[in-house]
Amino acid sequence: MRQSKSTLPLYIFISILLLFYSNSVWANELNFNQRFPNSNKTSGIALIAEIEQITDSLPSLDQKCRWLLEAGSTLGQLGRWQEGKHCMLLARGYAQQSDSHLQAAVLYYLGLFDIQLNVFDKALEYLFESLEIRKEQDNPNEEQKIYNALGSIFEIISEYQKAIYYYQNALALSSSGKSKAYIHSNIGVCQMNNQNFKEAEDHLLKADSLISLTSTPYGKANIMVNLGEVYRKKQQHLKSEHCFREAERIGADYPQIIGEAQIGLGNIYYDLEKYDLCETYLRRNLENISSHTKISALKLLADISRKKENFRQYADDFSSYITLKDSVYQVDKIRKLATLHYEFEAAIKDKEISILQKDNELQKRRVYLLFAGVLLGVLLIIILCYRYVLMIKQKNLEKATYDKSQIQKMRLEESVYAEKKIRELQQKKFEETMASKSRELASNAIHLINKNKVLQQVKQNVNQLTLQNADQKNLIKQINKQIDGCLNPQQDWEQFKIHFEKTHPNFFARLKEDFPKLTENDLRFMSFLRANFSTKDIANVLNIDYRSANMTRYRIRKKIALENEQDLMEFVRAY
């Protein structure tokens, strides 16, 4: 089962095959498979010696590099990682003096080999260096492969969040459905190991839909195995079993897929406490799974034997588990030591190549020494003159740029100052206008109050006169009628409203919008409050008694739902 540290990410298996199938990019007149038809049976030392002998016979650095690339990639396809890496280390010495495409390719292959050899620090170093070159070349397809490889490293060492970051970068650059499927699968596994099962399921289902279009049995079967493991961890055992069964059907030609799927089924039965079924599935598939998965299976079998109190079997299973775990750990150590050995040999070879190249260069220099000296002197004079001219131009340009920036700065400051003055004048004018309107409104209000007070006082005095005859009574009635005509609240209101709206525009519209229940009389009353009229003054202007004015004030408070502690006049001033 593909888990956090059990097997390499799916991308590594597929990308190694696909990349090594692209050997035609490096092919030349020397075909590796034709030269070494039995290379998988030849010893490492003999094979490397023959490859180096052929390399030495090639005339140009470019041919040497391409031959070593072909040899190394083919050896990688055969699973001979140490010999392949040795070829790539030799190729690196030549690629550094060749074009950047070859250099980036060599570094990428070195990163892939070190992933297989578990030398992750060096793999990261090679891959990041290759990525920088590919970015300069603006080559998204190659960048995508490198991001994928970086993601696989962090997935193997259980840094899943970093792995997801690099996989997502690869996904953004990916153009083919197959490539996107593998990346979604890798992200899904990382999310599963992070316990984010919903995200894991989404990515794996997306991978399954994409891989279906490519008809790749191994890839689709592997995705189904991972999806089955997600459902198992979500305790959805029926879905999990279906996925493992589907993986068995699709990956029937791949023993490792069948083994991984049946181990998954065994894990389901373990979760369901069906230990006999679990043991059956685990024991019959121990030979068809990776070493890391086998370690997990043996540990599970030992636990089952202990639960069943079969202590003899428990001792055998636990012993096998410890032995295999130690042997895998020891293999990793041996691989790292072998890698150091090959790197040391490659470094010596690089040094020999460098010495031969220096000797060749010295011989050429002896032939052209005199001519080169004269030419160098002329070039030096030309360069010095050119640098002097450039220096003068640069100084003039800097001075012109500085003068221009100073002028622009002065203009900007003048513009800012002018705008500030204009705003100040506009604000001052606005304040003067508003002050004038406020004075006019106050004057008008005082005039209305005083007029109504005087007329009411006159009416009161007239009504107190002692009437002698009918003519006098008629005269008093006429006078009262004329006074009542002058005490016209509607006419006073219309005059007041004209001046009020100049000072407080949109006052009525905003109140009506916020409180639709307010009547015209309510709005009139509130406008007088806004103009700082007291309740008594409002009663005089509207020609009503003080009690009625208070009742109007009370109704308004209810309509606008004003709290008892809130002042109505303060509330109105907010508008």
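Val374 is found in helix H17. This is a predicted model, and Val374 counts as exposed in it, at 53% relative accessibility. Val374 is one of the residues making a nonpolar surface patch of about 800 Å². The structure also holds 25 salt bridges.

**Nonpolar patch and the annotated transmembrane region**

- The patch is made by Leu370, Phe371, Val374, Leu375, Val378, Leu379, Ile382 and Ile383.
- Val374 clears the exposed cut-off of over 50%, with its relative accessibility at 53%.
- An unreviewed UniProt entry carries the annotation "transmembrane region" for residues 367–389.
- In the model, residues 367–389 are 100% helix and 0% strand.
- The end C-alpha atoms of residues 367–389 are 35 Å apart.

- Residues 104–137 are 91% helix and 0% strand. The end C-alpha atoms of this span lie 10 Å apart.
- Residues 144–177 are 82% helix and 0% strand. Here the end C-alpha atoms are 13 Å apart.

**Salt bridges within a helix**

- Lys198 and Asp202 form a salt bridge, with their closest N and O atoms 3.0 Å apart.
- Both residues sit in helix H11 (residues 197–211). They are 4 residues apart, so about one helical turn separates them.
- Asp202 counts as partly exposed, at 37% relative accessibility.
- Lys399 and Asp403 form a salt bridge in which the closest N and O atoms are 3.3 Å apart.
- This pair lies in helix H17. Its members are 4 residues apart, which means a separation of about one helical turn.
- Lys399 is exposed, with a relative accessible area of 54%. Asp403 is partly exposed, at 33%.

**A salt-bridge network**

- Within it, the side chains of Arg283 and Asp317 meet at 2.7 Å, N to O.
- That pair links distant parts of the chain, 34 residues apart. Arg283 is in helix H15 (residues 275–283), and Asp317 is in helix H17 (residues 311–463).
- Arg283 is partly exposed, with a relative accessible area of 29%.
- Asp317 is buried, because its relative accessible area of 3% falls under the 20% cut-off.

**A buried glutamate**

- Glu248 is found in helix H13 (residues 237–250).
- Glu248 is buried, with a relative accessible area of 14%.
- Beyond its neighbours within four places in sequence, Glu248 is in contact with Ile258, Ala261, Gln262 and Leu265.

**Helix H10**

- Helix H10 covers residues 177–193, a run of 17 residues.
- At 1.5 Å a residue, H10 should span 24 Å. Its end C-alpha atoms are 24 Å apart, which agrees.
- Of the 17 residues of H10, 14 are buried, so the helix is largely enclosed by the rest of the structure.
- Gln195 follows H10 and has a positive phi, near 70°.

**Positive phi in loops**

- Most residues other than glycine have a negative phi. The residues below depart from that pattern.
- Glu273 is not a glycine, yet its phi is positive, about 65°.
- Glu273 is found in the loop between helix H14 (255–271) and H15.
- Glu273 is exposed, with a relative accessible area of 57%.
- Asn532 is likewise not a glycine and has a positive phi of about 70°.
- Asn532 is found in the loop between helix H21 (520–530) and helix H22 (535–542).

Terms used: Residues numbered from 1 in each chain as written. Predicted model: local features only at pLDDT ≥ 70, side-chain atom pairs only at ≥ 80, totals over all residues. Heavy atoms only, no water. Salt bridge = Lys/Arg side-chain N within 4 Å of Asp/Glu carboxyl O. Helix = DSSP H or I, 4+ residues; strand = E, 2+ residues; numbered from the N terminus. Buried < 20%, exposed > 50% of the residue type's maximum accessible area, 1.4 Å probe, protein only. Contact = heavy atoms within 4.5 Å. Patch = residues over 30% accessible without salt bridge, like charges linked within 9 Å, V, L, I, M, F, W, Y side chains within 5 Å. Areas by Shrake-Rupley, 256 points an atom, 1.4 Å probe, with all protein chains shown as cover. Expected span 1.5 Å × (residues − 1). UniProt positions renumbered as here; feature names shortened; annotations may be inferred.
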